[in-house]
Amino acid sequence: MNKILLKTFLTVICSIIIFTVIDFCAYTIDWFEIKKLHDKYGTWLIPYKYSWVLDSDPYSYIISKSSFRPPVNTQSKKEAVYIFGCSFAYGESLQENKTFASQIAKLTNRPVYNFAFPGFSIQHTLYQLENMDFSEYPPPKYVIYIYIDDHIRRMLTDFMQPHELNMYPIYKPDKNGNLVFQNKSRITPSIFYIVKKLQCTYAKYKADSPHYAKENAVLMEKHFLKANELIKELFPDAKFVVLLYQPKKFQDKEVIKELEENGITVISTDDLSSENLSEQKYKLIDSHPSEKVWQLLTKPFLQMADIN
């Protein structure tokens with residue numbers, strides 16, 4: 001009996017050691033990939049440390065006390081504009097006066113509050129709308145969300161990257177089809193790196209697979225509809241506008257029609273300009289939109305969204 005217990009114990013210990021070695025190797029391989037980015041950009045791309053210098057002219061971000069970009073044109077007496085989204089909306093690698101938010105403030109003379117942040121997605125917006133205290137800000141007339149295709153992948157996983165400790169907020173449909181918040185903790189329950197790596201890999205596969213395109217589109221629709229409900233509760237007079245930035249994975253006409261029937265204005269960058277935004281002249285070194293993109297798109301976007 002003692003021999004059986006000892007054998008079982010040693011087997012468990014050996015399995016943990018082997019799995020830990022494999023996990024360490026997986027982390028090391030990914031570390032070399034991160035090192036390549038360091039060699040390319042000359043800086044460590046550490047998650048959630050967004051003071052990188054990637055533009056041709058060195059600068060530092062101006063970060064507000066809440067870690068978001070500071071508000072623009074706050075002296076204006078007109079009703080405000082809120083922006084949500086990821087690094088595209090945030091203005092990754094752009095100086096303050098070159099961002100989408102600054103262009104909107106300039107063209108509308110409205111105060112603009114940018115609640116976007118690099119790495120965020122639609123589920124972050126839901127979490128913000130459910131948990132942030134907006135009482136210190138003037139209520140918005142317009143709420144804008146900028147979508148990019150990678151938001152589908154982010155919507156499907158608890159982690160942006162496997163080497164991160166912080167979990168993404170995740171919303172999943174309950175048995176009645178209603179989105180509910182799933183995370184119980186902000187710290188990963190996964191001890192091993194490789195577990196998170198597999199989860200991230202599967203999320204990317206599912207986001208890229210045509211087989212799951214309809215399912216992904218419907219799930220994204222549920223997120224947008226829930227965001228719209230929360231916006232109506234918080235800001236009854238606000239208009240919700242979704243800007244689809246070069247959408248390739250979210251083009252389901254039936255889904256978009258249902259969003260519009262529920263009062264959400266959906267606009268694609270494809271409808272704003274015939275220019276190819278993938279050309280190098282419209283991208284910064286880190287592939288984020290340059291100032292030229294927002295100079296090109298903001299005015300027709302405002303006109304199409306009826307924001308003045």
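Student: Among contacts in the protein chain with a separation of 6 or more, what percentage comes from residues 24 or more positions apart?

Tutor: The model is predicted. A contact here means heavy atoms within 4.5 Å. Among contacts with a separation of 6 or more, the share from residues 24 or more positions apart is 73%.

Student: How many helices and strands are there in the protein chain?

Tutor: Helices and strands are counted separately along the protein chain. The count is nine helices and seven strands.

Student: Where is H223, and is it buried or exposed?

Tutor: H223 lies in helix α7, which covers residues 213–234. Buried means under 20% relative accessible area. H223 has a relative accessible area of 0%, so H223 is buried.

Student: Which residues does H223 touch, not counting residues up to four places away in sequence?

Tutor: Neighbours up to four places away in sequence are left out of this list. The residues that H223 touches are then I122, Q123, L126, M155, Y171 and L179.

Student: Does H288 count as buried or exposed?

Tutor: H288 sits in the loop between β7 (265–268) and α9 (291–305). The cut-off for buried is under 20% relative accessible area. The relative accessibility of H288 is 13%, so H288 counts as buried.

Student: How many Å apart in space are H288 and E92, C-alpha to C-alpha?

Tutor: Residue E92 is among those that H288 touches, along with S87, F88, Y282 and K283. In sequence, H288 and E92 are 196 residues apart. In space, their C-alpha to C-alpha distance is 6.6 Å.

Key
Residues are numbered from 1 along each chain as its sequence is written. This is a predicted model: local features need pLDDT of at least 70, side-chain atom pairs count only at pLDDT 80 or more; totals for chains, interfaces and linings use all residues. Side-chain values use heavy atoms; hydrogens and water are left out. Helices (H or I, at least four residues) and strands (E, at least two) are DSSP runs, numbered from the N terminus. Buried means under 20% relative accessible area, exposed over 50%, partly exposed in between (1.4 Å probe, protein chains only).
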